[in-house]
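Open the model in your viewer and keep the selection panel at hand. The stops below go from one selection to the next.

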Amino acid sequence: MSEIVWLSGADDLTIATGEAPVVWHLRLDRPETERLAGGASLSAADLQDLASKPEAGMRALRRRLAKLLLARLSGLHPDEIIIGRRALGAPQVLHPPGWHISLAGRFPHCLIGLSRTQIGVDIEPLDAEPPPEDSFTATEWLDLQGATDTTLITRWTAKEAHAKCLGIASRIDAAEMETVAFGDGLRVVSRDGETNVCVRVEAGGVWSVATVSDPES
């Protein structure tokens with residue numbers, strides 16, 4: 001998989017080009033973010049899909065931003081972008097074909113991942129409560145003795161990103177996934193597969209991005 005292109009803020013949209021995986025961080029409470037989102041509209045299908053979701057307003061803003069980013073990467077107009085859902089509820093790019101999407105948010109933070117291969121993203125604020133003990137396996141707890149809250153939150157976001165990458169977030173428990181240190185990041189293993197997770201700690205949050213592991217790596 002190509003190296004991830006990291007973007008942060010409304011101004012960074014201008015440098016999103018090509019087909020490399022892109023992960024874009026935005027604050028939804030910034031006026032420039034709202035102005036930028038005005039460049040994309042929501043279809044009747046979008047409105048119907050989002051109406052019953054919690055925090056529908058935040059999700060609507062996030063979807064408009066996702067359309068803008070994919071339009072930039074694909075060369076299409078934002079209103080040509082169609083985003084639906086997979087059978088288990090994960091967002092799915094229906095048009096243009098060949099793109100994978102993942103969305104995450106803890107207001108005011110938003111993370112959007114787009115790639116030509118499977119991708120999953122998650123974000124948690126640094127001041128979030130650490131995950132409960134039953135989120136980790138016995139093997140993980142041996143590795144996490146004395147770990148800081150930031151480390152525990154990082155492992156949690158890695159699991160969330162893994163589940164989103166494999167499209168199983170709605171049906172898998174945290175303790176069914178196991179994280180291990182791997183290079184500069186983490187590897188997450190579950191019965192559904194393995195992912196490599198790249199983690200960033202900045203802008204007041206922990207950002208995790210999962211991609212499918214290369215069997216030969």
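A nonpolar core here is a set of buried Ala, Val, Leu, Ile, Met, Phe, Trp, Tyr and Cys residues joined through side-chain atoms within 4.5 Å. The model is a predicted one.

Begin with Trp24, Leu65, Leu69, Leu73, Ile101, Ile112 and Leu114: these have the most contacts inside the largest nonpolar core, which has 27 residues. Colour strand 2 (22-27), helix 3, strand 5 (100-106) and strand 6 (109-115), the elements that each give two or more residues to this core. Helix 3 gives the most, with 9 residues.

Next, select isoleucine 112 and show its surroundings. Leaving out residues up to four places away in sequence, isoleucine 112 touches Val22, Val23, Trp24 and Leu26, then Arg62, Leu65, Ala66 and Leu69, and also Ser102 and Leu103. For a second, separate core, of 11 residues, select Ala158, Ile172, Val188 and Val197, which are among its members.

Now return to helix 3, residues 56-74. From first C-alpha to last, its 19 residues reach 26 Å, close to the expected 27 Å. Of these 19 residues, 14 are buried, so helix 3 is mostly covered. Step just past its end to glycine 75, where phi is positive, about 85 degrees.

Show Asp46, Asp49, Leu50 and Ala51 of helix 2 with Ala56, Arg59, Ala60, Arg63 and Lys67 of helix 3, the residues that make the contact. By class, 4 are nonpolar and 5 charged, with no polar residues.

Conventions
Residues numbered from 1 in each chain as written. Predicted model: local features only at pLDDT ≥ 70, side-chain atom pairs only at ≥ 80, totals over all residues. Heavy atoms only, no water. Helix = DSSP H or I, 4+ residues; strand = E, 2+ residues; numbered from the N terminus. Expected span 1.5 Å × (residues − 1). Buried < 20%, exposed > 50% of the residue type's maximum accessible area, 1.4 Å probe, protein only. Contact = heavy atoms within 4.5 Å. Nonpolar A, V, L, I, M, F, W, Y, C, P; charged D, E, K, R; others polar.
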